[in-house]
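Work through the exercises below with the sequence and the structure at hand. Each task is followed by a solution in steps.

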Amino acid sequence: MEHFQVFRKQIAHINRTCASRTDALKRIVFYCVDFGCTQPQIYRLMFGYIQDAYAYPRYRIMAGAAFEDLMELIYGRRVFTLTDDFGPNDMEILGQKVQAGYGMYAMLCGLSNLFIMNAPNGPFFDSDNPRESMAAFLGGILDAFIKGDLARALDAQPDETESGLKE
């Protein structure tokens, strides 16, 4: 459970030290992916590989507090608190309240899992600075969503070239 505390402290540090929430989001995604690659078993325990984890009150409180802090990083304000008592069966209500945040959390977990599954032979293993290459890759993915590249790609005609999408 102490790793949730470390995660929360990292979120707070990133919130305090980043110039913008966009930069903060990129840093926390990199932190999570990097943490997952360096500590895959702990990452798996923290982020959903324990069956019925929410049945354990301490886990529920610690995981909920970390999720609450992550949503504050994304939205710039407290969106909900632990007293709201959200659980795994409240995805619809929670999704309505923090839809973009929930999507970013899912992306964060998906990217982390992708890198964990491919570590240590991942796509950046042979680069001069694997962590820097990974951060650039993750930043590019986040920029694609933040800057609307996905929306433009979905609206593009099938014959449009990629260069037409990145105006």
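This is a predicted model: local features need pLDDT of at least 70, side-chain atom pairs count only at pLDDT 80 or more; totals for chains, interfaces and linings use all residues.

**Exercise 1.** Decide for E68 and for R78 whether the residue is buried, partly exposed or exposed.

Solution. 
- Step 1. Buried means under 20% relative accessible area, and exposed means over 50%.
- Step 2. E68 has a relative accessibility of 9%, so E68 is buried.
- Step 3. R78 has 37%, so R78 is partly exposed.

**Exercise 2.** Name the network of salt bridges to which E68 and R78 belong, and give the count of salt bridges in the model.

Solution. 
- Step 1. Salt bridges link R8, E68, D69, E72 and R78 in a network.
- Step 2. The count for the model is eight salt bridges.

**Exercise 3.** Which parts of the chain does the salt bridge between D143 and K26 tie together?

Solution. 
- Step 1. The side chains of D143 and K26 form a salt bridge with an N to O distance of 2.6 Å.
- Step 2. D143 belongs to helix 7 (residues 130-146) and K26 to helix 2 (residues 21-38), so the pair ties together parts 117 residues apart in sequence.
- Step 3. On accessibility, D143 is buried at 19%, and K26 is partly exposed at 23%.

**Exercise 4.** Give the distance between the closest N and O atoms of D143 and K147, then classify K147 as buried or exposed.

Solution. 
- Step 1. The closest N and O atoms of D143 and K147 are 3.9 Å apart, and the pair forms a salt bridge.
- Step 2. K147 has a relative accessible area of 56%, and K147 is exposed.

**Exercise 5.** How far apart are V6 and A66 in sequence and in space?

Solution. 
- Step 1. V6 is found in helix 1 (residues 2-17) and is partly exposed at 44% relative accessibility.
- Step 2. V6 and A66 are separated by 60 residues in sequence and by 9.5 Å in space, C-alpha to C-alpha.

Methods
Residues are numbered from 1 along each chain as its sequence is written. Side-chain values use heavy atoms; hydrogens and water are left out. A salt bridge is a side-chain nitrogen of Lys or Arg within 4 Å of a carboxyl oxygen of Asp or Glu. Helices (H or I, at least four residues) and strands (E, at least two) are DSSP runs, numbered from the N terminus. Buried means under 20% relative accessible area, exposed over 50%, partly exposed in between (1.4 Å probe, protein chains only).
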